[in-house]
Amino acid sequence: MSTMTAPRTTHPTTRPRSASPMTPAVANRSPRRALMTTWYHVAMIIAAVVWLIPMLWMLSLSLSDNAALTRNTQSLIPVEPTLENLLGVFSVGLTSRWFINSAIVSILTTILTVLLCAMAGYAFARIEFRGRTIVYASVLAGLMIPKEAMFIPLFTMFADMTMHNTYQALILPRIAAPLGVFLMTQFFSQVPQEVEEAARIDGAGPWRTFFSIMLPLARPAMIALAIFTFVQTWNDYLWPLVSATKSEMFTITTGLASLQGNFAQATELGSLMARGLIGSLPLLLVFLFFQRHLIRGISMTSGGK
Amino acid sequence: MAAIATEVPEQVRRRRRTGLKYGIGFTAPFMLLYAAFVLYPVVQAVQMSFFDWDLLGSVREFIGIDNYVRMLWGEGITWSMTHQFGWRLALLALAVGLMIRPLLNRRITGWRLAGVVGVLVLVFALGFHPAEGGFWFDPEFWVALQNTLVFTAISTPLIVGLGLGMAMALQGRRRGVRVYQMVFFLPYILPVSVVTLVWTYFLSPNQGLLAALLAPLGIDPVPWLASTDTAMLAIVITTVWWTVGFNLVLFAAGLQDVDPSLYEAASLDGAGAWRKFVSITLPGIRHVLLLVLVMQVIASFQVFGQVNIMTGGGPGTSTVVAIQHIYETGFRDFELGYASALSLFLFAVMLVVSVIQMRFLGKDDK
């Protein structure tokens, strides 16, 4: 948290001490500086537009008429603009089913991950118990196990339990995130001792202390972890690909990938792009509304840097 | 005093006893899932790697180390001094470099010794190759390994360099900086299949926008994904566009912690931009830089989605990467035992990277 707010207060332009002696010099150079600022923004806006071209093109294609796209696809402006593709996403094919699958899996995974990681993190940070150090060390060791490289034994396990093509198979392996426990442990160990002692004097046991005092305190860390988990789960590709093999159990990410393999290529390009756009919509919304938390989540991933 | 001294351990003991109940209560839900779905699969992978383990469940036969032999060995393998000579010479130079300081100080740590021995073993191992008429049992394993290394070697400097460059361009509190940062970050949140959807068509020589944009510059359409020369490059470009924003954010967070007064002081001393970068910025963000590098290398070793959707490993085997090879072995050839052995090899390589990372980060903290 402090990493987010600290820079703003320590930066020279907002620091009164360094700002005051510089004022005359700034006043002197201000026309030149204003010109430089203009050029800076011109360069940055060009770079930003170039960076967004693939996405703008996608938007343009999804707003274009499919028949017109068989003649010309190379335009940033929609050809014969129509909303047909976007409106048709949910009525044709399995896209709506995939969308619902992704929503169920991502939401449940996120809630369970945050809850379980917060509980474990609280215990590792605040409760003294025998074997705590060893158990916590074993969780940290898990940070080094690449989940992408271990999908074969995981697949066998779920196959032996005949649990593939279920929501449980898509959710359960993703909840056990050592990184989440690490982040929550870090967070809870920074909470002052007095907060907890006050609760204990009031006669609250660990469970009540946790749910009524510690969880509300941990809200910023939990939101960051939640958003990060949601984005990761929505975008997960390899595990849903091997576990959910029936097309009605695809997630939107694997479903869209399957379309790219066998879609009647160019004839439905506009509709294909519209599906991609709708499939990214929840993430775009999360991004718009929670960008601060998302960024904090990433900064936290680096171990609080 | 004496009363307190005897009282405290008793209190601590009591707290520990009740603590165990709550400690288990709070951690059990996570630990059960963690043991079942993170730790146990590693054990299971080791077990499976010694079996001929068919996906369809008809065959599960113990075959000892045959899977490992198949992965790492071949028919008519010989060892020669000059095979891969350039690379081995470079590695040998690295080993010598690592030994210079210990030799001067007459002191060597176990870690450094392990590192040097590891490099020397690698130098020796690279001398093996199939002789005339010989062959590797699984040539695609070596192709996949090489492609993964090439992907890592090209994409890592690009992503790290570009991420740092962008973060520095956006350093400071100018108006609008946040918006630019968001724009560059935006692609990172897209699902991999949406990224590949856009880029497969974007790069397409006859339908893609890129060809149309480059045409006025006199550049002919390039069949990016259909040519063995450019397919890997196309995947690298796609990956850079997709993930550089993540590193930009990490670097931006790191740069905010560099003390701005250092830059002011350096300006007063007449230091130029390059000098400031080398003497202030780089040391100030060395933690983040190292972290980004390692995360990038580990992520690159696990690259899969882009490759599987955009090229499926082709054309030919030009873009087959490690996970792709594991996936095909397991789910196209149904050989889960051998796929497990391949997974463990990848795991071991990444473990080495992680250990090196921890050594570096640990040293930094002292």
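# Briefing: a predicted two-chain model

The domain assignment of chain B gives domain 1 (2–48), domain 2 (75–136) and domain 3 (139–365). These bounds come from an automatic or database domain assignment. This is a predicted model: local features need pLDDT of at least 70, side-chain atom pairs count only at pLDDT 80 or more, and totals for chains, interfaces and linings use all residues. Residues are numbered from 1 along each chain as its sequence is written, while chains are lettered from A and ligands numbered from 1 in the order in which they are written.

**Confidence**

- The predictor gives the complex a pTM of 0.86 and an ipTM of 0.85.
- For chain B, the mean pLDDT (the predictor's confidence in each residue, from 0 to 100) is 86. In this chain, 93% of residues reach 70 or more.
- Residues 1–5 of chain B have a pLDDT under 50.

**Where the chains meet**

- Two residues are in contact if their C-beta atoms, placed from the backbone, lie within 7 Å. By this rule, 74 residues of chain A are in contact with 73 residues of chain B.
- On the side of chain A that touches chain B, 49 residues are nonpolar, 20 polar and five charged. Nonpolar covers Ala, Val, Leu, Ile, Met, Phe, Trp, Tyr, Cys and Pro; charged covers Asp, Glu, Lys and Arg; the others, Gly among them, are polar.

**Chain A overall**

- Chain A has 15 helices and zero strands. Helices (H or I, at least four residues) and strands (E, at least two) are DSSP runs, numbered from the N terminus.
- Of the 305 residues of chain A, 42% count as buried. A residue is buried if 20 or more other C-beta atoms lie within 10 Å of its own, exposed if 12 or fewer, and partly exposed in between, with C-beta atoms placed from the backbone.
- Take the contacts in chain A with a separation of 6 or more: 73% of them join residues 24 or more positions apart.

**Chain A, selected residues**

- Most residues other than glycine have a negative phi.
- A:Thr162 is not a glycine, yet its phi is positive, at about 40 degrees. This residue lies in the loop between helix H7 (151–160) and helix H8 (167–175) of chain A. A:Thr162 is exposed, with 9 other C-beta atoms within 10 Å.
- A:Asn165 is found in the loop between H7 and H8 of chain A. Its phi is also positive, near 60 degrees. A:Asn165 counts as partly exposed, because 15 C-beta neighbours lie inside 10 Å.
- A:Ser96 lies in helix H5 (residues 95–126) of chain A. A:Ser96 has 14 C-beta neighbours inside 10 Å, so this residue counts as partly exposed.
- A:Ser96 and A:Pro54 are 42 residues apart along the chain, and their C-alpha atoms are separated by 25 Å.

**Chain B overall**

- Chain B has 15 helices and four strands.
- The C-alpha trace of chain B spans about 85 × 65 × 50 Å along its principal axes.
- Domain 2 and domain 3 of chain B have C-alpha centres 28 Å apart.
- Of the 366 residues of chain B, 34% count as buried.
- Among contacts in chain B with a separation of 6 or more, 72% link residues 24 or more positions apart.

**Chain B, selected elements**

- Helix H7 (residues 192–202) of chain B has 11 of its 11 residues buried, so this helix is largely enclosed by the rest of the structure. Among them are B:Val192, B:Trp199 and B:Phe202.
- Strand S3 (residues 74–79) of chain B has six residues and the number buried is zero, so this strand lies largely in the open.
- Five bridges join S3(B) to strand S4 (residues 128–136) of chain B, and the two run antiparallel. Strands pair if DSSP finds at least two bridges between them. B:Glu75 has B:Phe135 in S4(B) as its bridge partner.
- B:Ala226 sits in the loop between helix H8 (209–214) and helix H9 (231–256) of chain B. B:Ala226 is partly exposed, with 15 other C-beta atoms within 10 Å.
- The C-alpha atoms of B:Ala226 and B:Leu164 are separated by 32 Å, and the two are 62 residues apart along the chain.
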